[in-house]
Amino acid sequence: EDLVAARLDADLVGRGTHEILVAAELLARRGAHPGERVEMATTIAAAWMEAGRPEEARRVLDRFSHEVDRIPTKATRSRALYEMAQGWAILGDDARVEALAGDLSRPDAILAELGAVHGEAGDLDGARTLAARVKDPGARGKLLGRTARARVEAGDLDGALALLPEIQDVPWRTSILQAVGVTRGEAGDCKAGRAAADQLLGVPGIDPKTIDLSGGMARRSPHPRVLAKVAVACARGGDLDGAVEIAGAVPPGRQQVEALAGIAALAKAPDRARTLLAEALGRAGEIGKPGVRALALVSVAEAHLARKEMPQAREVLDAAWEAAGKVEQLGLGDARLEILALLGAVGRCGDAAARSRAIDAAFWRDGALAAAARGCAKAGDTETALALAGDTRVPLWRANAYQEIAQARLDAGDPVAALDAVSRIPSERGRVKALATLGAAHLKAGGVPSEDISRILAGFLTR
């Protein structure tokens, strides 16, 4: 099938269907096996929902629903059932979800998804009814947590806090209190914002085995992190003095530096910003562990970048790179990947590329190349970004790099260049995922079909 055939399809003709998402659907039909086709279909359905077209999401799920029955293995079929049920849950189709949940050995996760959809739509009674049926504490916490977060987004902070006693899950309690604190800070009520954050005083870390990115293992309280975010929210709300006062209450360390840098990025008076950034830089220098110090310095560089102070951002990034280099082994959360992305963003793509290629470990070298590509794409250097992504050998890093480049080109108003980047993703599944994301964003931005878009999409379909 090609794009011309797609436009003649009885289900699509005359519907104004967005052609990028049509192409994604046609690629999904070519999936290697039914489980893969279901996975890609639910991704496309979610993209239609994101774009505000639920009727198209429903059509896609209906068209691919029969694929579940073609899956021979129990484990793969169970996963496909869950993915299909999740798609119907997003649409709020209780009957379809209930029917599929009956075939699942562990229905809690999908019932929680459906309950969360009810809660996010403002149906608190429906959410609580489904929560009562969910036995797994983690799934129930997610249901109620998403419901509470939706209340925050709707401006009903008291309603969100009223749900808090029913949420025992520490990550979700933290998320809700942070959302309430940030919302109140942005509204100019720093005292109430801090009070929300202070409800986390004494709360232990989410997991005693949480990886401390400084290289050790620790049980860390979420309070400093949330307090720092409330401080920046206060600055965003216009109360710079209140923001600085809260930042002063954050314990010395990375979070305090992030708070000071975030406030400085928002300060209107240049002198005040310089004072805050100097203080943030000094506090960062006091951090003993080099990996943590590097991450703190990254936040200072980001503040300079936000203020378009490129020379200062580059200088701080060099200091961050030096600190990160004292950590012997690259790992998840290492500052070097973020530094490389920022080096690209401040116009030092050649430097970012050279530093990436000098990393010995092949896996992390690929991660570094992908990070540098992301930064160069944001800076508008698409040629260098594509070259860096092309040198990446790990499929996941490579796909992510091309998707970042595609998003940057779409943001710059060049959907054809965005699709060219997507076409370079090595796997069909990766291309479908990227097309779904790109198609939803293009449709939401009011993008319309064009001959150039049709031409490049035809290339996808004739591979």
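This is a predicted model: local features need pLDDT of at least 70, side-chain atom pairs count only at pLDDT 80 or more; totals for chains, interfaces and linings use all residues.
**Helix 2.** I began with helix 2, residues 19–29, and asked how much of the helix is buried; 10 of its 11 residues are, so the helix is largely enclosed by the rest of the structure. I listed the buried positions as Glu19, Ile20, Leu21, Val22, Ala23, Ala24, Glu25, Leu26, Leu27 and Ala28.

**His304.** I then turned to His304, which I found in helix 17, a helix that spans residues 290–306. With a relative accessible area of 10%, His304 counts as buried, because the cut-off for that class is under 20%. Leaving aside residues up to four places away in sequence, I noted that His304 touches Leu277, Glu309, Gln312, Ala313 and Val316. With one of these, Glu309, the contact is also polar, side chain to side chain, at 2.7 Å.

**Lys308.** I next looked at Lys308, which sits in the loop between helix 17 and helix 18 (310–324). I recorded a phi near 60 degrees for Lys308, a positive value in a residue other than glycine. I kept this entry because most residues other than glycine have a negative phi. Lys308 is exposed, its relative accessible area being 68%.

**Helix 21 and helix 22.** For packed helices I wrote down the angle and the distance between the axes, since these are what describe such a pair. The axes of helix 21 (residues 362–378) and helix 22 (residues 382–390) come within 8 Å, and they cross at roughly 165 degrees. Angles over 145 degrees count as roughly antiparallel, so helix 21 is roughly antiparallel to helix 22.

**Pro395.** My last entry concerns Pro395, which belongs to helix 23, residues 395–411. Is Pro395 buried or exposed? I noted a relative accessible area of 55% for Pro395, which makes the residue exposed, as the cut-off for that class is over 50%. I also checked Pro395 against Ala434, and found the two 39 residues apart in sequence and 14 Å apart in space, taken from C-alpha to C-alpha.

Technical notes: Residues are numbered from 1 along each chain as its sequence is written. Side-chain values use heavy atoms; hydrogens and water are left out. Buried means under 20% relative accessible area, exposed over 50%, partly exposed in between (1.4 Å probe, protein chains only). Helices (H or I, at least four residues) and strands (E, at least two) are DSSP runs, numbered from the N terminus. A polar contact is a pair of N or O atoms within 3.5 Å; within protein, one must be able to donate a hydrogen and the other to accept it, and residues adjacent in sequence count only if both atoms are side-chain atoms. Contact means heavy atoms within 4.5 Å. Axes are lines fitted to C-alpha atoms, for helices over the stretch in contact, and angles run from 0 to 180 degrees between N-to-C directions. Angles under 35 degrees count as roughly parallel, over 145 as roughly antiparallel, 65 to 115 as roughly perpendicular and the rest as oblique.
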